[in-house]
Amino acid sequence: MIFTVAIDGPAAAGKGTISKAVARHFGFAHLDTGSLYRAVGVKGGDPIQAALSLTQADLDRDDLRSLAAGQLASKVAAIPDVRAALVEFQRSFARREGGAVLDGRDIGTVICPEAEVKLFVSASAEVRARRRHKEVGGDLADVLREVIERDQRDANRADAPMRMADDAVLIDTSEMSIEQAVAAAISAVTAAFPTR
Ligand code: C5P
């Protein structure tokens with residue numbers, strides 16, 4: 001069975017948690033596509049070469065979740081040749097046998113417009129900054145600035161900007177617990193799931 005769940009949205013909206021929970025619930029494979037851009041960003045050197053030569057070791061680095069890695073990721077993600085180098089891997093992951101959940105910014109719009117389910121997970125910038133702050137520490141005002149700066153760069157780039165697909169279901173997690181957000185996502189996927 002080929003079945004793709006595309007989960008897009010801004011930084012720290014809850015995409016990662018929701019994606020993992022949906023993948024576990026349905027027994028699908030999960031790809032956090034942001035980690036590809038983070039790995040390219042922290043690898044250094046020519047970002048296009050980095051994207052063309054990514055290895056599992058690059059994806060296993062333990063510094064990928066830092067604020068700095070997020071900023072580097074969103075800078076290299078604006079380079080069309082970097083995005084192009086990562087498209088095929090993501091597309092084949094999306095259409096693999098057995099079902100797949102991919103989370104990112106352009107999954108429902110560019111990588112897999114034919115996805116059976118598209119979710120756009122969002123929350124206010126303040127809520128997202130508070131959540132990210134719990135993960136990375138530091139100064140809350142700096143984290144908020146970082147979140148807003150990254151949103152703007154991701155939404156305004158020319159190539160594959162972050163955008164909600166016309167046929168996506170919006171899940172605003174600002175006022176939701178993790179359990180409520182996961183339940184909303186699972187019910188949206190269940191509604192589209194072929195009956196067995
Ligand atoms: O989701 P995460 O915060 O890990 O993504 C890091 C950065 O990678 C984003 O800010 C965005 O610039 C880029 N990205 C992207 N397209 C994706 C996933 C992530 O441009 N599908």
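Student: Which residues does Val-5 touch, once residues up to four places away in sequence are not counted?
Tutor: In this predicted model, Val-5 touches Phe-28, Ala-100, Val-101, Leu-102, Val-117 and Val-189, a contact being heavy atoms within 4.5 Å. Local features need pLDDT of at least 70, side-chain atom pairs count only at pLDDT 80 or more, and totals for chains, interfaces and linings use all residues. Residues are numbered from 1 along each chain as its sequence is written, and side-chain values use heavy atoms, with hydrogens and water left out.

Student: Which members of the largest nonpolar core touch the most other members?
Tutor: They are Val-5, Ile-18 and Val-22, in a core of 22 residues; such a core is a set of buried Ala, Val, Leu, Ile, Met, Phe, Trp, Tyr and Cys residues joined through side-chain atoms within 4.5 Å. Two or more residues each come from strand S1 (4-8), helix H1 (15-26), strand S4 (117-122) and helix H10 (178-192), and H10 gives the most, with six. These elements are DSSP runs numbered from the N terminus, helices being H or I of at least four residues and strands E of at least two.

Student: Why does Leu-31 count as buried?
Tutor: Buried means under 20% relative accessible area, exposed over 50% and partly exposed in between, with a 1.4 Å probe and protein chains only; Leu-31 has 10% relative accessibility and therefore counts as buried. Leu-31 lies in strand S2 (residues 29-32) and, leaving aside neighbours within four places in sequence, is in contact with Phe-89, Gln-90, Phe-93, Val-101, Leu-102 and Asp-103.

Student: How do you know whether H5 is roughly parallel or roughly antiparallel to H9?
Tutor: The axes of helix H5 (residues 67-76) and helix H9 (residues 140-156) come within 10 Å and cross at roughly 15 degrees, on a scale of 0 to 180 degrees between N-to-C directions, with axes fitted to C-alpha atoms over the stretch in contact. Angles under 35 degrees count as roughly parallel, over 145 as roughly antiparallel, 65 to 115 as roughly perpendicular and the rest as oblique, so H5 is roughly parallel to H9.
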